[in-house]
Amino acid sequence: MKRSLFGRLWPNVTAVVLFIGFVFPVYWMFSTAFKPTGDIISENPVWFPTDITFDHFKRATGVDHFWTYVTNSLIVTLCAVGLALIVALAGSFALARMRFKGRRGFVIGFMMAQMAPWEVMIIAMYMIVRDASMLNSLVPLTVFYMMMILPFTILTLRGFVAAVPRELEEAAMVDGCSRAQAFRKVILPLLAPGLMSTSLFGFITAWNEFPLVLVLNKEAEAQTLPLWLSSFQTAFGNDWGATMAASSLFAIPILILFVFLQRRAVSGLTAGAVKG
């Protein structure tokens with residue numbers, strides 16, 4: 001009986017320890033953003049802030065071009081994710097449904113592209129953008145971000161497309177639908193969970209990207225929020241209060257998007273099955 005109790009207990013204990021390990025840095029970031037500067041630099045850590053202040057948020061949002069950074073990040077991220085989904089829908093359908101020579105090589109190529117570190121190609125990207133006279137522009141960032149998230153999006157959606165029975169698509173075509181109409185009316189609604197998960201991954205990847213915008217966009221009018229996070233340094237060191245406040249603001253859109261997509265993943269799958 002002791003062994004049975006231990007067998008049921010240790011997975012729960014391990015889960016709790018892992019949960020605390022992952023959640024504590026997030027809690028410390030948000031709590032530090034509201035602490036007075038004296039509590040932040042104190043030798044004795046203040047686990048639960050008692051004196052709450054919003055001065056750090058005022059300094060974080062009061063920097064020059066703050067709203068320009070926000071606008072640029074939203075434009076680049078949303079456009080990159082949208083373009084990647086459009087291309088990935090066609091690519092994943094072709095890989096899952098069609099048989100052509102070199103299909104397996106295409107899949108292996110996407111896997112290799114997903115595993116390759118994009119940082120090794122920054123110099124080549126910079127030279128391409130420089131020669132095209134498009135430095136300090138949002139267009140190259142959007143294209144490169146789309147390319148970064150495209151392999152994962154195609155590979156993930158390929159699995160969702162392959163999981164949809166061919167009989168549903170064939171039945172729609174027998175009823176008079178073309179292949180494009182069958183994809184739009186039958187397969188696409190069933191891909192809602194896959195679209196949500198890949199959108200979340202793509203949003204996080206493009207939202208957090210730092211090295212590429214640092215190299216390509218030197219002017220503040222063309223920079224994004226990751227560079228804003230690195231700007232809270234003074235002659236006396238880092239402004240940790242403003243840094244944590246900025247990090248908290250930076251993480252909020254991702255947290256909101258995650259909660260929103262997680263809530264609708266099951267409902268999207270159910271709605272798609274009914275429509276199919």
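Ser73 is buried, at 3% relative accessibility. Buried means under 20% relative accessible area, exposed means over 50%, and partly exposed lies in between, all with a 1.4 Å probe and protein chains only. Ser73 sits in helix α4. Helices here are DSSP runs of H or I with at least four residues, strands are E runs of at least two, and both are numbered from the N terminus. Leaving out residues up to four places away in sequence, Ser73 touches Trp207, Thr224, Leu225 and Pro226. Contact means heavy atoms within 4.5 Å.

This is a predicted model, so local features need a pLDDT of at least 70, side-chain atom pairs count only at pLDDT 80 or more, and totals for chains, interfaces and linings use all residues. Residues are numbered from 1 along each chain as its sequence is written, and side-chain values use heavy atoms, with hydrogens and water left out.

Follow the contact from Ser73 to Leu225. Beyond residues up to four places away in sequence, Leu225 touches Phe66, Tyr69, Val70, Ser73, Trp207 and Phe250. Leu225 also belongs to the largest nonpolar core, which has 53 residues. A nonpolar core is a set of buried Ala, Val, Leu, Ile, Met, Phe, Trp, Tyr and Cys residues joined through side-chain atoms within 4.5 Å. Which members touch the most others? They are Leu141, Tyr145, Leu191, Leu212, Leu225 and Trp228. Helix α4, residues 66-97, gives this core its largest share, 13 residues. In soluble globular proteins, nonpolar side chains tend to be buried together.

Now the whole chain. It has 13 helices and 2 strands. Of its 276 residues, 36% count as buried. The chain exposes about 16400 Å², and carbon and sulfur atoms supply 70% of that area. Accessible areas come from the Shrake-Rupley method with a 1.4 Å probe, and for residues only the protein chains shown count as cover. Among contacts with a separation of 6 or more, 72% join residues 24 or more positions apart.

What is the radius of gyration of the chain? It is 23 Å, whereas a compact globule of 276 residues would have one near 19 Å. The radius is taken over C-alpha atoms, and the globule rule is 2.2 Å times the number of residues to the power 0.38. Along its principal axes, the C-alpha trace spans about 70 × 70 × 30 Å.

Some pairs show these spans residue by residue. Ala180 lies in helix α9, residues 179-190. It counts as exposed because its relative accessible area is 56%. Ile52 is in the loop between α2 (37-40) and α3. Its relative accessible area is 55%, so Ile52 is exposed. Ile52 and Gly91 are 39 residues apart in sequence, and their C-alpha atoms are 51 Å apart.

Pro36 is in the loop between α1 (2-33) and α2. With a relative accessible area of 24%, Pro36 is partly exposed. Apart from neighbours within four places in sequence, Pro36 is in contact with Asp51, Thr53 and His56. Leu200 is 164 residues from Pro36 along the chain, and their C-alpha atoms are separated by 34 Å.

Turn to the backbone. Most residues other than glycine have a negative phi, and most peptide bonds are trans. His65 has a positive phi of about 65° although it is not a glycine. His65 lies in the loop between α3 (55-61) and α4, and is partly exposed at 32% relative accessibility. Ser133, also not a glycine, has a positive phi of about 55°. Ser133 is in the loop between α6 (122-131) and α7 (138-163). At 68% relative accessibility, Ser133 is exposed.

Next, the cysteines. A disulfide is a covalent bond between the sulfur atoms of two cysteines. The rule used here asks for a pair of cysteine sulfur atoms within 2.5 Å, and the count comes to 0 disulfides. Cys79 is partly exposed, at 37% relative accessibility. Cys177 is buried, with a relative accessible area of 19%.

Last, confidence. pLDDT is the predictor's confidence in each residue, from 0 to 100. The chain averages 83, and 91% of the residues score at least 70. Over residues 266-276 the pLDDT is below 50, and this stretch has 9 contacts in the model beyond near neighbours in sequence. Where pLDDT is low, the predicted coordinates should not be read in detail.
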